[in-house]
Amino acid sequence: MKTNLLVHVIVDGCDEVKSSLSTARMIRFHGRAESDFFSGEILPGGVDTQREYKDKPFALSARYMLRGKDKDGRDCLLFIENNGTATDGVVTTSPLLLSDSPSLAWLETARTSGSISGKDGELLITIDIEAD
């Protein structure tokens, strides 16, 4: 089975520090997610931590939790940890998904990949999911 989860992200703010070796950013955000198996809102506290080094690929690690409904209409939480790198402007990620919904337990062992694009003033994160 192949499916995807679309996460619409709106940036709330960014803190940045630059050193002689690298730049670090913490980007706060909110938004929502939709799919055929889950829909919900990002809870407060979502953050994307980014590091740019002079001699290494750009790295990011976003962590956030969503409150919503599973495909059966039950209330649930969905945690996403999305780690990735950017090379030549192309961002690729390896998301991890966890949920307290029994009908979403398959997400914990699914093969995932992700991409990030811009759309209408927001970021669109596409998480591609393949499960047996």
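In the predicted model, the side chains of Glu 81 and Asn 83 are joined by a polar contact of 3.0 Å (a pair of N or O atoms within 3.5 Å; within protein, one must be able to donate a hydrogen and the other to accept it, and residues adjacent in sequence count only if both atoms are side-chain atoms). Glu 81 belongs to strand S6, residues 75–87 (strands are DSSP runs of E, at least two residues, numbered from the N terminus). Glu 81 is buried, at 18% relative accessibility (buried means under 20% relative accessible area, exposed over 50%, partly exposed in between, with a 1.4 Å probe and protein chains only). Apart from neighbours within four places in sequence, Glu 81 is in contact (heavy atoms within 4.5 Å) with Ala 62, Arg 63, Ser 94, Pro 95 and Leu 96.

Cys 76 is buried at 4% relative accessible area, whereas Cys 14 is partly exposed at 40%. The structure contains zero disulfides (pairs of cysteine sulfur atoms within 2.5 Å).

Val 11 lies in strand S1, residues 2–18, and is partly exposed, with a relative accessible area of 45%. Together with Ile 116 and Leu 123, Val 11 forms a nonpolar surface patch with about 210 Å² of accessible area (Shrake-Rupley method, 1.4 Å probe, only the protein chains shown counting as cover for residues).

Residues are numbered from 1 along each chain as its sequence is written, and side-chain values use heavy atoms, without hydrogens and water. Local features need pLDDT of at least 70 and side-chain atom pairs count only at pLDDT 80 or more, while totals for chains, interfaces and linings use all residues.

Technical notes:
Patches are made of residues with over 30% relative accessible area and no salt bridge: like charges are joined within 9 Å, nonpolar side chains (Val, Leu, Ile, Met, Phe, Trp, Tyr) within 5 Å. A salt bridge is a side-chain nitrogen of Lys or Arg within 4 Å of a carboxyl oxygen of Asp or Glu. Helices (H or I, at least four residues) and strands (E, at least two) are DSSP runs, numbered from the N terminus.
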